Amino acid sequence: MARKILKVFVIIVATVLILLIVLPYAFRGRIAERIKHEINEQVDARVEMGRFSLSVFRSFPDITLGIRDVSVINNAPFEGDTLAAVKRITVTIDLRSFFSGSGYEVKRIGLYSPDLKLRLLEDRSANWNIVPVTEKDPEEDSDFRLALRSIEVHNANLLYYDDVFLTYIDVVGLNGRLQGDMTMDVTSVSTRDAHIDSFSLRYSRFPIISNAEIGLKAEVGMDLANWVFDFHNNELLVNALPLSFDGRVSLPPDGGTMMDFSFAAARSDFAAFLSLIPAVYTDDFASLETSGSMALHGSVDGLLKGELIPSFDLSLEVNDGYFRYPDLPGAVSSVQVNAGISNPGNDPDLVQVEIPVLSMDLAGNPVEASFALRTPVSDPWIDMTLAGSLDLGEIKNFMPIDENIILAGLIDSQLEARGNLSSIEMERYQDFHAQGNISANNVEVSAGMLPAMLEIHEAGASFSPRYLSLNNFDMRMGESDIRANGRIDNIFSYIFEDQVLKGSFEVSSMYLNLNELIPETEATEEQQTGLSVIPVPENIDFSLDANLQMLIFGNMDISNLAGRLHIADGQLILDQLGMDMLDGRLALSGSYDTRETLPRVSFALDFLSFDFGRTFHTFNTVQALAPAGEYAEGFISGGLSMNAVLDENLMPLLESMSGRGSLSSSRLRLEGHPVLAGIAERTHLSILNGFDLRDLSLSFSFADGRVETPPFDFEFGRSLAAVSGTTWFDQRIDYVMRLDIPREQFGSGAMTVVDDLVERAAGLGINADPGERINIDVHVGGTITRPEISIGMPGAVEAVRERLSEEAGRIIRETEDRIRDEVDRARDEAEQEVREQIEETSEQIQQELDTRAQRVIEEAERRAETVRREAANAAERIRREARQQADRLVEEASGPIAVAAARRAGEALISEAERRATQLETEANTRAGNILDEARSQADRIRRGEE
């Protein structure tokens, strides 16, 4: 008996194990298809998924579904943006729901390495709105039901860009688990281990929190029926600052968010506040010697909806703050902070910022400041002061810095500003008080991020209501020096209202090596040979009058550079910029525009006495426009106007270039040019291998990837040449030349060539009798390096072309006639074949339509018969059950009266059953007739070709 029990047990266990192994493979494809179907039905985005897996052992007795490499890519207006990318998703499903037939019940969800990028534009369009708004219940007809008990997130990254409220959040390394019964209307969920490695919050251009480490312990009461969330005794840890918060957040039925909660620092020591400062919160933060007290608390109460904001209050107070690193001699002491921001509610313009006290002593360097802001929306009113001095050499005494960093020099500041910004905008400068100055003397900075030592011998800036004035700025970095004077207008409007910052400067330098000032970075060989796109800011309007004695840029040495540069609206505009370079003088005007994806340039330049060889090897644009420059020596002058689009390395896209130009030279040496060498070989004229051009003058235009050169003449020795043609940017050429060469320059070999050309010309009916000067026509095709050359006496090339043209015309006419005859014949044959096919196809189509129509009727007859049969079976069951029940009534009756009553009740039961059965059969016949009528109508439509 025991052996039988053991045998049965082994069979059961083996069966279970087999099922546990087989079930995942059996259901994996089915669930994957369900998931894809659900997502595609409910989102307006492109969702891509990698490999699916199923496991029963991971969460027995439930089953875990795994999906790898999930990405959600937006459609318009965020076309191509990746909303979410998740390395792996796990979904735990109740095993019993696989067999219930009513859908799958999801109990746990895990997200591994998700990257989310959320964007809200100024027009309030959001890239996460990918679920179309419909009246359909989102859970209706769904194969998945939520019975969530936990949600786990591992190593998540989140970017949130809100252009409506100018709020920008960057979350790196989010890990956490949310637990609770999320299937109930009223429930409680909690998290005990939520953690963020780096959290940054920025409002407009102002950083609020930078790279903070976040921890969260929370328990939230959730009323999901009314969308009310209660927070009690929760703790948020920001670096080393714990914040406790409690209150309520709800989502009213008419929209918006209702908030009523408060928070406060759970620690009152100054060290907790210090942890919010990124420069202080480092690996050795725990070793800091600190003292002083801190109080931080705040509250939010009211509705956030549209333009409405809740009332809020935040206050921070620091008294007698002190910290010192144990290995450093100096300390930061006497830290006093009294700051608050508040709003009574509803109107954002009622926000008030008050920082009446902000002071500290930096190892003997006192700094004091204050700040106030009111009516920030309608007309910002500010009241700010800054006073202090800082010996940069003292920083190493109270802050740990890298030993390779050198800091020295004195910075001193005294600043006051008070009034409404509208006073500046309306030029009522007497109503706005602003004065002060900032100065820097003998400043030295050396750090790894800088390519060389930065030295500021002197710099001063003074403030007034109108502008900030920059005075006597004198800087050196490495071998380079820069001196500047100028002013910046509306700096307060730029800071507080994001208006355009305007300014004008005079910049001068004796020596400026841009190659030295641009830090070297690791890059591929291709990247090292070029630059990268330098965007021009759209929110500044600066004019710079430059005077540079020597400028090194790339492989160019530029001297005596003078002119005006204007930076505005995303463009750099050059106005009559003159410079000496390439042994000549260049005058340049134009623009560099970065408002589109790729920058555009438009400029006009004039150059005088440029070294042609050096110019060719310096500019790839010249290599495309004038490839002959590789074989030229001498000096050229001319002009060029050009429009082009630049690539990522600031190199012109050749297909985008268009413009025109001119070149002139009193003497230019051409030697080794493949075209001239080819002509010399064909004509045996050695003078063409190398010669001097005298008084060269030509013009050209370029567009659509080619350069057009109109006819121009030049002299070489006592010979003349007339040239015109086309050069493509891919080095293809098509030129026509006429050479006029004195007879005495022809040797015996050359005269043999001439005699042969004369004889061939005579064969074409051309009387070519060379005189004292011999003319030869040359056609050059192919490429610069592999030219294809044809020569002949004047008129020979045209005669050959004309004869070839006539011959081609004759061949074309004969071919057209032959093709026309063949086309007519083919058309007649095709028309006959088409008619036959139409007749045959029509018969086939009609047969197919009849067949389809007959199938519809046959299917309808089967359905009608099924309806009748099912109804008849049901009616028979009703009658049979009624008779059986009537017989039981009689059998169970005792006594004649009871038997008689039972028979009457049985007869009534049988009569009612008969009525119900007859009614069921009648309804079935009617339904079957309707099915047949609809099928016959459909069949008629099919035969007519309407379906």
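In this predicted model, the count of salt bridges comes to 23. R595 and D569 form one of them, with the closest N and O atoms 3.2 Å apart. R595 lies in the loop between β29 (584-593) and β30 (600-611), and D569 lies in the loop between β27 (556-568) and β28 (571-581), so the pair ties together parts that are 26 residues apart in sequence. Both ends fall in the partly exposed class: the relative accessible area is 42% for R595 and 39% for D569.

A salt bridge is also formed by R614 and D583, where the closest N and O atoms are 3.2 Å apart. Here R614 belongs to helix α8 (residues 612-618), while D583 sits in the loop between β28 and β29; the pair therefore ties together parts that are 31 residues apart in sequence. R614 has a relative accessibility of 36% and counts as partly exposed.

Between D730 and R732, the side chains meet in a salt bridge with an N to O distance of 2.9 Å. D730 is partly exposed at 46% relative accessibility, and R732 is partly exposed with a relative accessible area of 38%. Salt bridges also occur as a network, which links R667, R669, E671 and D692. Side chains of opposite charge can pair when their charged atoms come close.

A further arginine, R324, is found in strand β14, which covers residues 311-324. The side chain of R324 reaches the backbone oxygen of L328 at 2.5 Å. When residues up to four places away in sequence are not counted, R324 touches L288, E289, P329, G330 and A331.

Aromatic pairs number 10 in the structure. In the pair of Y161 and Y168, the ring centres are 5.6 Å apart and the planes lie at 80°; the angle is over the 60 degrees required, so the pair is edge-to-face. Y161 is partly exposed, with a relative accessible area of 38%, whereas Y168 is buried, at 15%. F323 and Y325 form an edge-to-face pair as well, with 6.3 Å from centre to centre and 85° between the planes. Both residues of this pair are buried: F323 has a relative accessible area of 6%, and Y325 has a relative accessibility of 3%. Elsewhere, F691, F712 and F714 form one aromatic cluster.

The secondary structure of the chain comes to 13 helices and 38 strands. Among the strands, β22 (residues 467-477) and β23 (residues 480-489) run antiparallel and are joined by nine bridges. M477 has S480 in β23 as its bridge partner. The two strands β22 and β23 form a hairpin with two residues between them, and G478 in the turn has a positive phi of about 60°. Strand β23 also pairs with strand β24 (residues 501-509), in the antiparallel sense and over seven bridges. In this pairing, the bridge partner of G486 is F505 in β24.

Over the chain as a whole, buried residues make up 38% of the 947 residues. Of the contacts with a separation of 6 or more, 54% are accounted for by residues 24 or more positions apart.

The mean pLDDT of the chain is 78, and 79% of the residues reach 70 or more. Over residues 1-23, pLDDT stays under 50, and the model has six contacts beyond four places in sequence for this segment. Where pLDDT is low, the predicted coordinates should not be read in detail.

Technical notes. Residues are numbered from 1 along each chain as its sequence is written. Side-chain values use heavy atoms; hydrogens and water are left out. A salt bridge is a side-chain nitrogen of Lys or Arg within 4 Å of a carboxyl oxygen of Asp or Glu. Helices (H or I, at least four residues) and strands (E, at least two) are DSSP runs, numbered from the N terminus. Buried means under 20% relative accessible area, exposed over 50%, partly exposed in between (1.4 Å probe, protein chains only). A polar contact is a pair of N or O atoms within 3.5 Å; within protein, one must be able to donate a hydrogen and the other to accept it, and residues adjacent in sequence count only if both atoms are side-chain atoms. Contact means heavy atoms within 4.5 Å. Two strands pair if DSSP finds at least two bridges between them. pLDDT is the predictor's confidence in each residue, from 0 to 100. Rings of Phe, Tyr and Trp (its six-membered ring) pair if their centres lie within 6.5 Å; planes under 30 degrees apart count as stacked, over 60 as edge-to-face and the rest as tilted.
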